[in-house]
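Q: Could you walk me through this one before I set anything up? I'd like to start with the overall fold and then go into the details.

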Amino acid sequence: MQGGNIMKKKAVLALAAAMLLTVTQLAGCGGSGSSDKKPAGGGGTAKQVETLKVGISAWPKNLDPVVKMGKTSTPIITQVFDTLLYINNEGELTSYICDSWKKIDDTTTEYKLKKGITFQNGDPLTAKDVKFSYERVLNDKSGYVDPNVRSVIGTIAGVEAVDDLTVRIKTKRIDPIIFNRVAARLGVYIVPEGYFNKVGKDKFGTQPIGTGPYKVVSITPEKLQMTYYDKYY
């Protein structure tokens, strides 16, 4: 199965029912977050929205995507992180970060990452990050990982980083819905191995880094502040 070169479409207003969001820079995909630069298509300057604030009834204490996800945390997590695949509004499999995906044999699937994608701290996205993201769920014995996340990928036996941009997932048996598992919202979101290991899981929960369009600037008991990632692919 081939994944199209699809631009990410995540509307800020989709967050309104679930989170408090302060947007310091808002631009179109691939455009600039600065109002004094012309967008890629030329003609005029990019529009900028200073702030968007939304009140919510509860507040997520941890934004690590492997902990228990709920109505307040999920809309935030999906703006910060990406899964290998996702299911669009038409029910079709597609991807933000993969150029293609296919079956190699009855129990092996392969995913080709797009070249040039970076995490919000500037680190390049590689197959090693994907392997790390899956293995920290598969190998967790501390109870830190939401058991529902582990259940979603329960048929996966292992993940291999073939090269910098190629990932292979091996299942324990034939799994006809493996692509749907990889695309599940309550599944595995990709995190940067180097940054996670540097800061540890506690700090990562309040200072998360992903490949999504919005980066967490700060989080307090009263407010979450996010900004548009101006190098977003």
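Q: How many helices and strands does the protein chain have?

A: This is a predicted model, and in it the secondary structure of the protein chain comes to five helices and eight strands.

Q: And in what order do the elements run from the N terminus on?

A: Starting at the N terminus, the order is α-β-β-β-β-α-α-β-β-α-α-β-β.

Q: What share of the residues counts as buried?

A: Of the 233 residues in the protein chain, 49% count as buried. As for contacts between residues at least 6 apart in sequence, 64% of them join residues at least 24 apart.

Q: Ok, the core next. Which residues have the most contacts inside the largest nonpolar core?

A: That core has 54 residues, and the ones with the most contacts inside it are Leu-84, Tyr-111, Tyr-134 and Ile-169. Helix H2, which covers residues 127-138, supplies the largest share of this core, namely five residues.

Q: What is Tyr-111 in contact with, leaving aside its neighbours within four places in sequence?

A: With those neighbours left out, the contacts of Tyr-111 include Leu-84, Leu-85, Trp-101, Leu-165, Ile-169, Ile-178 and Phe-179. Cys-98, Ser-100, Thr-166, Val-167 and Val-182 are also among the residues that Tyr-111 contacts.

Q: Which elements give two or more residues to its lining?

A: Strand S3 (98-105), strand S4 (108-113) and strand S6 (166-171) each give two or more residues to the lining of the largest cavity. Among the lining residues are Lys-103, Asp-105, Asp-106, Arg-173 and Asp-175, together with Thr-107, Thr-108, Thr-109 and Thr-171, and Ile-169 and Ile-178 also belong to the lining.

Q: How does that lining divide into nonpolar, polar and charged?

A: The residues lining the largest cavity divide into two nonpolar, four polar and five charged. Ile-169, one of the lining residues, is also listed with those that have the most contacts inside the largest nonpolar core.

Q: Let's do aromatics. How many aromatic pairs are there?

A: The structure holds nine aromatic pairs, one of which is formed by Phe-196 and Phe-204, an edge-to-face pair at 5.2 Å centre to centre with 65° between the planes.

Q: Why does Phe-204 count as buried?

A: Phe-204 counts as buried because its relative accessible area is 0%, and Phe-196 is buried as well, with a relative accessible area of 11%. Both rings belong to a cluster in which ring pairs link Phe-81, Phe-132, Tyr-195, Phe-196 and Phe-204.

Q: Where is Thr-126, and is it buried or exposed?

A: Thr-126 is placed in the loop between S4 and H2, and at 18% relative accessibility Thr-126 counts as buried. Leaving aside its neighbours within four places in sequence, Thr-126 is in contact with Leu-113 and Asp-164.

Q: Last topic, the segment before helix H1: is Val-54 there buried or exposed?

A: Val-54, which is found in the segment before helix H1 (74-80), is buried, with a relative accessible area of 13%. Val-54 and Lys-223 are 169 residues apart in sequence and 10.0 Å apart in space, C-alpha to C-alpha.

Q: And Lys-53, buried or exposed?

A: Lys-53 is likewise found in the segment before H1, but it counts as exposed because its relative accessibility is 62%. From Lys-53 to Leu-224 the C-alpha to C-alpha distance is 9.7 Å, with the two residues 171 apart in sequence.

Conventions: Residues numbered from 1 in each chain as written. Predicted model: local features only at pLDDT ≥ 70, side-chain atom pairs only at ≥ 80, totals over all residues. Heavy atoms only, no water. Core = buried A, V, L, I, M, F, W, Y, C linked by side-chain atoms within 4.5 Å. Buried < 20%, exposed > 50% of the residue type's maximum accessible area, 1.4 Å probe, protein only. Helix = DSSP H or I, 4+ residues; strand = E, 2+ residues; numbered from the N terminus. Contact = heavy atoms within 4.5 Å. 1 Å grid on protein atoms, 1.4 Å probe; cavity = no way out; pocket = protein on both sides within 12 Å on 5 of 7 lines; lining within 4 Å. Nonpolar A, V, L, I, M, F, W, Y, C, P; charged D, E, K, R; others polar. Phe/Tyr/Trp six-rings, centres within 6.5 Å; stacked < 30°, edge-to-face > 60°.
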